[in-house]
Amino acid sequence: MKKIPVWIDTDTGVDDAVGILTALKLEPIEVVGVSAVAGNTYQNNAFRNARDVISLGGREDIRVYPGAERPLVKKLKVAPHVHGDNGLGEAEIPRSKAPIETTKAWDALYEKAKELKGELVVCPVGPLTNIAIAITLHPDIVDYIKVLNIMGGAAIGGNVTPCAEFNIFTDPHAAQTVLKSGIPVNMCGLDVTLKAFLDDDDIAEIISYGNKASDLFRDSNHMIYEARERVHESGLAEHDSCPIIFTAYPELFEGQKCGIYVETQGTITQGKTVTDLWSDYKFPDRHCTFILDVNQPEFAKLIKTAYKSY
Amino acid sequence: MDKIRKRPVILDGDPGHDDAIAWVLAAAADELDIKAITTVAGNQTLEKVTYNARRIAALLHLDIEVAKGRNRPLCSELIIAPNFHGETGLDGPVLPEPDHKLSDLSAPEMMAKVLRESEEKVTIISTGAQTNVAAMLLAYPELKEKIEMISTMGGGLRNGNWTAGAEFNILVDPEAAYNVYHSGVKLQMCGLDVTEKALVYPEDWERIRSLNNPIAKVVAEWFDFFFIHVSSLGWSGATTHDPCAVLSILHPEIFDIRDYYVDIELNGEYTRGATIADYTGRHSNEPNCACVVDLDREKFVDYLYEACSRYEGWEV
């Protein structure tokens with residue numbers, strides 16, 4: 001069967017690394033390109049980490065492109081308390097020996113999308129800056145991207161503020177540009193990603209594999225693990241693996257069609273993904289699906305199976 | 001002889017079918033002593049809702065003068081909802097004409113007078129925009145200590161209705177709501193989270209109609225009218241918003257009430273008037289609001305039925 005061509009746009013990122021290493025092993029999909037963006041960490045870290053993680057996954061043939069160093073309008077605010085200063089929770093992995101790409105994310109993504117004639121699925125798992133720039137620079141890219149499976153936002157609640165999620169809050173203007181572009185979107189927000197967790201047994205099992213991927217998992221996750229203990233969350237949410245696993249196995253997820261826009265003007269609501277899922281008022285344009293639930297045991301199993309195979 | 005200790009209340013609203021039903025519930029409750037009715041622009045213009053309030057007071061034999069508020073919100077242009085409530089703001093059954101004159105006091109002045117004169121703390125039941133309540137709190141902050149609580153219908157933690165982000169009452173006057181939520185006064189919020197679950201089905205109000213007393217018949221006819229627009233939005237029952245603000249203080253045990261810090265968005269392209277809760281408590285101060293988020297629908301309907309049954313033999 002023909003594999004689904006997938007582009008991953010990432011601010012790599014501890015959970016981004018899990019998403020990438022899982023993506024490389026999922027049968028139904030083929031990673032055809034990766035681009036880096038500032039978010040969890042600075043762009044140069046994200047770029048290096050994406051390259052190194054892909055290399056660790058044994059796929060130096062997959063090209064990794066550098067992207068935006070800052071959000072469209074807001075000042076960049078990275079998250080070293082979660083992802084460490086290097087973006088991988090201070091874990092060290094070997095440097096990739098792949099040639100360093102100088103083509104920018106938005107150009108490389110556009111070329112690939114055009115080449116694949118509308119078949120490309122893009123999984124942005126960081127702020128949407130690169131995608132917004134690509135749409136602005138190459139307006140016809142909207143005809144070539146099949147769908148955007150995004151990690152970002154929340155229909156209910158938030159994490160960096162009571163009502164905004166990190167990726168969208170980091171660059172709300174880019175997110176709004178993307179959601180207004182007309183490209184179909186499947187939004188994996190906190191509603192589903194907090195249900196997409198690895199529990200203590202899953203974590204112990206992954207670490208027990210003792211391979212290079214599971215070593216990275218162990219060495220990169222400790223800050224998140226400690227933060228999680230502080231707030232008494234029951235599992236390790238694998239946010240960024242959600243849109244990737246969704247791309248390969250959508251049947252494991254549940255969502256609802258709706259309109260989604262990003263609040264860029266609010267005082268306390270900046271970066272909120274505003275949906276009309278439950279309001280009497282409906283947006284005129286409803287080309288999005290908010291993903292709200294996941295089959296967690298199957299989700300965890302796919303990550304474990306991927307890690308075991310390293 | 002033992003006398004039932006009555007809880008003094010002020011009814012502040014913009015009737016409006018669901019305000020009217022809320023007031024029928026309040027007037028039927030032995031536990032409540034209605035000290036004043038004040039009106040606020042919202043569901044319809046101030047003149048129309050004030051006329052409606054005076055007609056409802058006559059219908060319910062309330063021996064009080066209605067006091068009207070300002071004809072518009074603090075800063076916003078007025079939004080009205082004739083699609084739900086009709087041209088009069090209370091279309092449907094014929095009501096008696098007002099039998100008391102309109103008060104010379106403005107709504108906030110009337111509230112202040114009641115608070116000042118009351119020996120006991122007073123509960124304000126606010127079922128419209130919070131313009132009057134905010135004006136009173138701003139003008140007479142020293143009277144805050146005379147307020148037992150403000151029980152409001154407004155907002156929605158999960159969703160809006162008039163816009164994707166905001167519920168009608170808060171959207172009409174977000175700056176007023178902001179003042180109320182930051183006032184430090186004990187606040188209970190019946191938002192869409194609960195009021196969109198407070199569904200009264202046609203068979204429920206047929207049961208009420210069959211009580212065959214004048215008030216029950218009027219209530220059933222209000223439901224008939226209100227449901228015309230509500231059903232066109234896809235609802236299988238009437239979203240009985242404002243009565244939640246009364247029943248949640250009379251019978252809190254049938255409601256699920258959670259304490260959160262809630263703030264009001266004043267700006268925003270999509271979120272002006274949104275009520276934003278800090279569910280995890282990680283981002284803000286102590287909770288400022290008791291948020292009513294769920295209810296036992298069957299019991300809610302039973303209390304509504306029971307209240308209507310108390311008007312047996314009522315003369316209109």
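Begin at the second largest pocket of this predicted model, whose lining residues divide into 6 nonpolar, 1 polar and 5 charged. Select I156(A) together with the chain B residues L157(B), R158(B), N159(B), L192(B), D193(B), E196(B), K197(B), R258(B), Y260(B), Y279(B) and V293(B) to display that lining. The space inside amounts to about 260 Å³. Within chain B, α8 (192–195) and β9 (255–264) each supply at least two of the lining residues.

To centre the view, select V82(A), N159(A), V160(A), H239(A) and R282(B), which lie nearest its centre among 46 lining residues. Then colour α1 (14–23), α3 (80–83), α6 (166–170), α8 (190–193), α11 (222–231) and β8 (236–237) of chain A, the elements that give two or more residues to this lining. The largest share, 5 residues, comes from α11(A).

Now show chain B as a cartoon and follow its open, mixed sheet of 9 strands in the order β3-β2-β1-β4-β5-β6-β11-β9-β10. At the edges stand β3 (66–68) and β10 (275–278) of chain B; each has a single partner strand, so one side of each lacks a neighbour in the sheet. On average, neighbouring strands are turned by 30° against each other, direction ignored.

Within the sheet, select β6 (187–190) and β11 (289–295) of chain B, which pair in the parallel sense over 3 bridges. M189(B) has C291(B) as its bridge partner in β11(B).

Helix α5 (131–139) of chain B lies across β1, β2, β4 (122–126) and β5 (147–153) of chain B, running at about 155° to β5(B).

Notes
Residues are numbered from 1 along each chain as its sequence is written. Chains are lettered from A and ligands numbered from 1 in the order in which they are written. This is a predicted model: local features need pLDDT of at least 70, side-chain atom pairs count only at pLDDT 80 or more; totals for chains, interfaces and linings use all residues. Side-chain values use heavy atoms; hydrogens and water are left out. On a 1 Å grid over the protein atoms alone, a cavity is a set of points where a 1.4 Å probe fits but cannot get out, and a pocket is an open set with protein on both sides within 12 Å along at least five of seven lines; lining residues have an atom within 4 Å of a point. Helices (H or I, at least four residues) and strands (E, at least two) are DSSP runs, numbered from the N terminus. Grid points are joined across faces, edges and corners, and a volume is the space filled by probe spheres set on the points. Ala, Val, Leu, Ile, Met, Phe, Trp, Tyr, Cys and Pro count as nonpolar, Asp, Glu, Lys and Arg as charged, and the others, Gly among them, as polar. Two strands pair if DSSP finds at least two bridges between them. Axes are lines fitted to C-alpha atoms, for helices over the stretch in contact, and angles run from 0 to 180 degrees between N-to-C directions. Contact means heavy atoms within 4.5 Å.
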